[in-house]
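The exercises below are intended for a reader who meets this structure for the first time.

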Amino acid sequence: GTLDLEPLPLYYGWFLSRKSADLLWKAKLAFLERLGNLKAFRKRVKDFGMEETKRKINLPDYFSHRPNILHCTTKFTNYGKAPGSEQYAKLEAVKTSNGKAFSLTITALFVTPRTTGARVQLGEQELLLWPADAEKEAMPSENLPKGSRAHITLGCAEGVESKQTGLDLLEFVKFQQAGTEGEDMGELLDGMLHYFDKGLWMLSLSKKIEVKVIFSGFYG
Ligand code: 2AM
């Protein structure tokens, strides 16, 4: 078919509408502002390469690399060079979903010494677009649920690539799979804050955020 002659995108994913992106960005800023001012956080910043401080920590500045377009990557195809790219592009769901609108559910926001992101809970329809090996590729020795890597990168620390956000999310998932919900740090904004080991913070939202998205390839 003609598909063989068409270049593959850099990646496929769901792209947030302008309105949804603004909403999520505001939620992120509120979270970072509050977390950076929290005593419990200011006391646990060793993994962030900082010293305990009485002053507010500027987390929006710490995550200095901000994505241009908020999106949830489904498959990084690297113009066809990444393993499994052709197969993915040929999936019936991928072909029929191009340019189609979806709604994604965000259940949590998280911060690690490397990245900050939003956890995305995929529904049945969305899972059809999720690569079968996404979690295995990231963590070959683990058996993590399909879709558990799904996220929206909201920022990266200096020198960190955005790919890291999904890997960081899987660190939380590993804890949760092992039955560890982290240390309860109480309520923060519209959720419950949990601290896991090694600078991993997660805000589980009591009211999930729904975002409007369009599925498509990104060519860069
Ligand atoms: P992200 O999905 O965590 O933000 C372009 O680089 C996009 O593809 C980014 O959104 C990035 O990370 C994602 N990406 C880059 N390399 C990747 C890889 N090897 N596996 C999965 N996603 C990757």
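The ligand sits in the largest pocket. Here a pocket is an open set of points on a 1 Å grid over the protein atoms alone, with protein on both sides within 12 Å along at least five of seven lines, and a molecule sits in a pocket if more than half of its atoms lie within 2 Å of its grid points. The model is predicted: local features need pLDDT of at least 70, side-chain atom pairs count only at pLDDT 80 or more, and totals for chains, interfaces and linings use all residues. Residues are numbered from 1 along each chain as its sequence is written, and side-chain values use heavy atoms, with hydrogens and water left out.

**Exercise 1. Describe the surroundings of the ligand.**

*Task.* State which residues are around the ligand and which strand gives the most to the shell.

*Solution.* 

Step 1. Strands are DSSP runs of at least two residues, helices (H or I) are runs of at least four, and both are numbered from the N terminus. The greatest share belongs to E2, with three residues.

Step 2. Next come the distances between polar atoms. From an oxygen atom of the ligand to an N or O atom in the side chain of His 71 the distance is 2.6 Å. A polar side-chain atom of His 151 is likewise found 2.6 Å from a ligand oxygen atom. For Lys 163, a polar backbone atom is 3.4 Å from an oxygen atom of the ligand. On its own the ligand has 470 Å² of accessible area, of which the protein covers 80%; such areas come from the Shrake-Rupley method with a 1.4 Å probe, and for residues only the protein chains shown count as cover.

**Exercise 2. Characterise His 71.**

*Task.* Is His 71 buried or exposed, and which side chains does His 71 meet in polar contacts?

*Solution.* 

Step 1. His 71 belongs to strand E2.

Step 2. Its relative accessible area is 17%, so His 71 is buried. The classes are buried under 20%, exposed over 50% and partly exposed in between, with a 1.4 Å probe and protein chains only.

Step 3. A polar contact is a pair of N or O atoms within 3.5 Å; within protein, one must be able to donate a hydrogen and the other to accept it, and residues adjacent in sequence count only if both atoms are side-chain atoms. The side chain of His 71 makes one with the side chain of Tyr 11, at 3.5 Å, and another with that of Thr 73, at 3.2 Å.

Step 4. With neighbours within four places in sequence left aside, the residues in contact with His 71 (heavy atoms within 4.5 Å) include Trp 14, Phe 15 and His 151.

**Exercise 3. Compare two loop residues by phi.**

*Task.* Where are Leu 189 and Lys 198 found, and what is the phi of each?

*Solution.* 

Step 1. Most residues other than glycine have a negative phi.

Step 2. Leu 189, in the loop between strand E6 (183-188) and E7, has a positive phi of about 50°. Leu 189 is partly exposed because its relative accessible area is 37%.

Step 3. Lys 198, in the loop between E7 and strand E8 (200-218), has a positive phi near 50°. Its relative accessibility is 57%, so Lys 198 counts as exposed.

Technical notes
A residue is near a molecule or strand if one of its heavy atoms lies within 4 Å of it. On a 1 Å grid over the protein atoms alone, a cavity is a set of points where a 1.4 Å probe fits but cannot get out, and a pocket is an open set with protein on both sides within 12 Å along at least five of seven lines; lining residues have an atom within 4 Å of a point.
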